[in-house]
Amino acid sequence: MRDSGSEVLFVMEATGVYHEKFAHWLVDQGQKLSIVLPTKISNYMRTLSTKTVTDSTCADAITQFGLERKLDHWAPPKPIFRTLRQLTRERDQIVAERVTVDNQIHAENTEAFPNANSLKRLNERRKLLCKQEREIKNEIHHLSSLIRN
């Protein structure tokens, strides 16, 4: 049982996007929260006498880390910044996919007997990816201009 005068601080490890719903829910409930980078927890665990890494030992380490450190409280980013982050992630994925398609086109063209239908499909996919990238860049540009104004 906790003392009614004590403050509770939730501490969690950042896990890509997987921690975000719970983080927003905690803050919406009026709870204080700190989100710690996984590398900080990993480095901290090396200083402990933990022999085996399990969910339980990680939870214990995060708890101890939160008790020992003065951590900044997390505040949700503004919606415009969440949208920009999502768009830049999507753009990165599309660029990576386009590079893969470019490599496939190069490989197909380099073959002794390139398949014309395969090349047609690959080039159509590349055009779609370029179109989607332009759309995302335009969205990012529009949102960035809102921030500047």
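Begin with the contacts of the whole protein chain in this predicted model. Among contacts between residues at least 6 apart in sequence, 60% join residues at least 24 apart.

Keep the whole chain selected and display its secondary structure. Followed along the sequence, their order is β-α-β-α-α-α-α. Next, consider the overall dimensions. The C-alpha trace spans about 75 × 50 × 20 Å along its principal axes. The radius of gyration of the protein chain is 23 Å, whereas a compact globule of 149 residues would have one near 15 Å.

Now switch to a surface display. The accessible surface of the protein chain comes to about 11100 Å², and 53% of that area belongs to carbon and sulfur atoms. Of the 149 residues, 23% count as buried. If the charged side chains are coloured, 23 positive and 19 negative ones can be found, and the centres of the two sets lie 4 Å apart.

The next stops concern aromatic rings. A pair of such rings is described by the distance of the centres and the angle of the planes. How many aromatic pairs does a search of the whole structure find? The search finds two.

For one of these pairs, select Phe22 and Trp25. The ring centres of Phe22 and Trp25 are 6.1 Å apart and their planes meet at 10 degrees; planes under 30 degrees apart count as stacked, so this pair is stacked. Both residues belong to helix H1 (residues 20-28), and because Phe22 and Trp25 are three residues apart there, about one helical turn separates them. Phe22 is partly exposed, with a relative accessible area of 43%. Trp25 is also partly exposed, at 47%.

Move on to Tyr44 and Phe65. Are the planes of this aromatic pair stacked or edge-to-face? The pair is edge-to-face, with 5.2 Å from centre to centre and 80 degrees between the planes. Tyr44 lies in helix H2 (residues 38-47) and Phe65 in helix H3 (residues 55-68), so the pair ties together parts that are 21 residues apart in sequence. Tyr44 and Phe65 are both buried.

For the last stop, return to helix H1 and select Glu20, which is found in that helix. Is Glu20 buried or exposed? Glu20 has a relative accessible area of 19%; because buried means under 20%, Glu20 is buried. Leaving aside residues up to four places away in sequence, Glu20 touches Arg85 and Arg89.

Technical notes: Residues are numbered from 1 along each chain as its sequence is written. This is a predicted model: local features need pLDDT of at least 70, side-chain atom pairs count only at pLDDT 80 or more; totals for chains, interfaces and linings use all residues. Side-chain values use heavy atoms; hydrogens and water are left out. Rings of Phe, Tyr and Trp (its six-membered ring) pair if their centres lie within 6.5 Å; planes under 30 degrees apart count as stacked, over 60 as edge-to-face and the rest as tilted. Helices (H or I, at least four residues) and strands (E, at least two) are DSSP runs, numbered from the N terminus. Buried means under 20% relative accessible area, exposed over 50%, partly exposed in between (1.4 Å probe, protein chains only). Contact means heavy atoms within 4.5 Å. The radius of gyration is taken over C-alpha atoms; the globule rule is 2.2 Å times the number of residues to the power 0.38. Accessible areas come from the Shrake-Rupley method with a 1.4 Å probe; for residues, only the protein chains shown count as cover. Lys and Arg count as positive and Asp and Glu as negative; His and the chain ends are not counted. The place of a charge is taken as NZ of Lys, CZ of Arg, CG of Asp or CD of Glu.
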